[in-house]
Amino acid sequence: MAIESGVWNTCDYSHNVTFFYNLVGKKISTVWTPRDYVVLGLGLTVCLIVVLANLMVMAAIFMNHRFHFPIYYLLGNMAAADLFAGIAYANLMLNTGPWTSTLTKEQWYIRGALIDISLTASVANLLAVAVERHQTIITMQLHSTMTKRRVVLLIVCIWVVSVIMGLVPSTVWNCECDLEDCSTVAPLYSRRFLIFWAVLNLLTFFIMVAVYTRIFIYVRYQSRYTSQHSSEARHSQTVVNLMKTISMVLGAFVICWTPGLMTLLLDGLLGKASHANAYEKFCLVIAECNSLVNPIIYSLRDDEMRSTFEWILCCLCRSSAGQQRKHSPVEIASPLSEETLGCVQKSDGQAACVETNN
């Protein structure tokens, strides 16, 4: 038994990906079925929508000067993390199923690292937003006095930490030297790493929920002592509305990611007895949907963000219509007076498309 244990704890880097999947009893499909192609197509379509939606959020924050404050820079960075998640999931779908057996270990580690990086970046962003809101709202201010330089430094630190955490399983903490510690969900990952990873993120969730709960209690308490006809009351209501939007973002994130983290925790604690593979894909789908939720929340909750989205789409429509008229011979030969679709942004922040005759 001692000799056998010594063999299983010997570092042998010659094993391929298929070896680890067979080791934990995780089956690799050999052929694509029509259903698999449909799921792949739908998944890639969702990933494309995720990328485009979060690009719009980033563009809106960049183009609208009313969003040039630390809280919106952090929300824009979270949109970048969601965009990165869309790319990571697209890469996962294009390297799964029968293609898994063709991956080298380095490619397999990169596939997992991209998802780890996107999750870490999102969690770190939400934690940074929680700290920023706590420091700002305790003094009943709408925006932080943090300089742009510090915000940029904070964003850089978030991504540096995210990349480091994504590289940990491939460089330091895997099961290649301890085959008995291999995960069933991610066969090359160490079960102990999954426990650490899940507990760390779940603990961060609880901390953020506690911080936001304290902020809400404080804001509600302060709002009772402000006059309903004063500027302080309007300012307080603006603060509450922004907090509600951010809290919805946090709530959606916790709801979408908790099942996946609990799956990883059970896999780390119980191994094959957890039967984590039975609901692994379901948890991945829920986690992917989170990257699409935030732009929807911004559209429903933030009038300024929604009007900026409309303005961007209006300008894109105008550009597309202009190119079609330019290249259409029928349009050139038309006896009607040329009409140009203009895109204007009203003074009240609402976007509108109007037609003007030249």
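How many helices and strands does the chain have? There are 11 helices and 2 strands. This is a predicted model. In sequence order the elements follow the pattern α-α-α-α-α-α-α-α-α-α-α-β-β.

**Overall features**

The chain has 358 residues, and 45% of them count as buried. Its accessible surface amounts to about 19300 Å², with 66% belonging to carbon and sulfur atoms. Of the contacts between residues at least 6 apart in sequence, 76% join residues at least 24 apart.

**Helices 3 and 4**

Helix 4 is mostly covered, with 20 of its 24 residues buried. In helix 3, which runs over residues 34-63, the buried residues include Leu40, Gly43, Cys47, Val50 and Val51. Further along helix 3, Ala53, Asn54, Val57, Ala60 and Ile61 are buried as well. An α-helix has 3.6 residues a turn, so residues three or four places apart point the same way. Several of the buried positions in helix 3 can be read with that spacing in mind, among them Leu40, Gly43, Cys47 and Val50.

**The largest pocket**

The largest pocket has a volume of about 1500 Å³. It is lined by 46 residues, and the closest to its centre are Leu92, Thr96, Glu280, Lys281 and Leu284. Which helices each supply at least two residues of this lining? They are helix 3, helix 4, helix 5 (105-137), helix 7 (191-223), helix 8 (231-270) and helix 9 (280-301). The largest share, 8 residues, comes from helix 9. By class, the lining of the largest pocket holds 27 nonpolar, 10 polar and 9 charged residues.

**Cavities**

The model also has 2 cavities of 30 Å³ or more. Their volumes and linings are set out below.

| Cavity | Volume | Lining by class |
|---|---|---|
| Largest cavity | about 50 Å³ | 5 nonpolar, 4 polar, 1 charged residues |
| Second largest cavity | about 30 Å³ | 5 nonpolar, 1 polar, 1 charged residues |

The residues lining the largest cavity are Asp82, Ala85, Tyr89, Ser118, Ser122, Phe253, Trp257, Ala287, Asn290 and Ser291. Helix 4, helix 5, helix 8 and helix 9 each give two or more residues to this lining.

Around the second largest cavity lie Tyr72, Leu75, Leu242, Thr245, Tyr298, Asp302 and Met305. Here the elements that give two or more residues are helix 4 and helix 8.

**Methionine 208**

Methionine 208 is part of helix 7. Is this residue buried or exposed? Methionine 208 has a relative accessible area of 0%; because buried means under 20%, the residue counts as buried. Leaving aside residues up to four places away in sequence, methionine 208 touches Val123, Leu126, Leu127, Ala130 and Leu250. The C-alpha atoms of methionine 208 and valine 131 are separated by 8.7 Å, while the two residues are 77 residues apart along the chain.

**Two loop residues**

Histidine 275 sits in the loop between helix 8 and helix 9. Most residues other than glycine have a negative phi. Histidine 275, although not a glycine, has a positive phi of about 55°. Its relative accessibility is 57%, and since exposed means over 50%, histidine 275 counts as exposed.

Threonine 147 belongs to the loop between helix 5 and helix 6, the latter covering residues 148-171. At 41% relative accessibility, threonine 147 counts as partly exposed, because the value falls between the 20% and 50% limits. The C-alpha atoms of threonine 147 and phenylalanine 69 are 9.0 Å apart, and the two residues are 78 residues apart along the chain.

Key:
Residues numbered from 1 in each chain as written. Predicted model: local features only at pLDDT ≥ 70, side-chain atom pairs only at ≥ 80, totals over all residues. Heavy atoms only, no water. Buried < 20%, exposed > 50% of the residue type's maximum accessible area, 1.4 Å probe, protein only. Helix = DSSP H or I, 4+ residues; strand = E, 2+ residues; numbered from the N terminus. 1 Å grid on protein atoms, 1.4 Å probe; cavity = no way out; pocket = protein on both sides within 12 Å on 5 of 7 lines; lining within 4 Å. Points joined across faces, edges and corners; volume = space filled by probe spheres on them. Nonpolar A, V, L, I, M, F, W, Y, C, P; charged D, E, K, R; others polar. Contact = heavy atoms within 4.5 Å. Areas by Shrake-Rupley, 256 points an atom, 1.4 Å probe, with all protein chains shown as cover.
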